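Welcome! Please open the model in your viewer and get ready to pick out a few side chains as we go.

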Amino acid sequence: IYSKNRHPIYLGMVLAFLGLFILTKTIFMLILFILIIITTVIRIKKEEEILTEKFGNKYLKYKTKTWF
């Protein structure tokens, strides 16, 4: 799965909250879903900075071959 997606756990989490929002259709779940997306994107950016520092060009090359 990591050959296609760099962050499958985060993707699964976002999809799970999307499903909860679709299921409940409440404003609370919409707000929670948006907050989850924002915090996940921030976390991914920080993790990718750390991985780029640690693995350099190898990680940058890996990033070009994967999505998200």
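A word to carry along the way: buried means under 20% relative accessible area, exposed means over 50%, and partly exposed lies in between (1.4 Å probe, protein chains only). The model is predicted, so local features need pLDDT of at least 70 and side-chain atom pairs count only at pLDDT 80 or more, while totals for chains, interfaces and linings use all residues. Residues are numbered from 1 along each chain as its sequence is written, and side-chain values use heavy atoms, with hydrogens and water left out.

Our topic is the salt bridge: a side-chain nitrogen of Lys or Arg within 4 Å of a carboxyl oxygen of Asp or Glu. There are three of them here.

Select Arg6 and Glu48 to begin. Their side chains form a salt bridge, with N to O at 2.8 Å. Because Arg6 lies in the segment before α1 (8-24) and Glu48 in helix α2 (residues 27-55), this pair ties together parts 42 residues apart in sequence. Helices here are DSSP runs (H or I, at least four residues), numbered from the N terminus.

Is Glu48 buried or exposed? Glu48 is buried, at 10% relative accessible area, whereas Lys63 is partly exposed, at 26%. Show Arg6, Glu48 and Lys63 together to see a network of salt bridges.

Finally, select Arg43 and Glu47, whose closest N and O atoms are 3.6 Å apart in a salt bridge. Both lie in helix α2, four residues apart, about one turn of the helix.

Definitions and conventions. Helix = DSSP H or I, 4+ residues; strand = E, 2+ residues; numbered from the N terminus.
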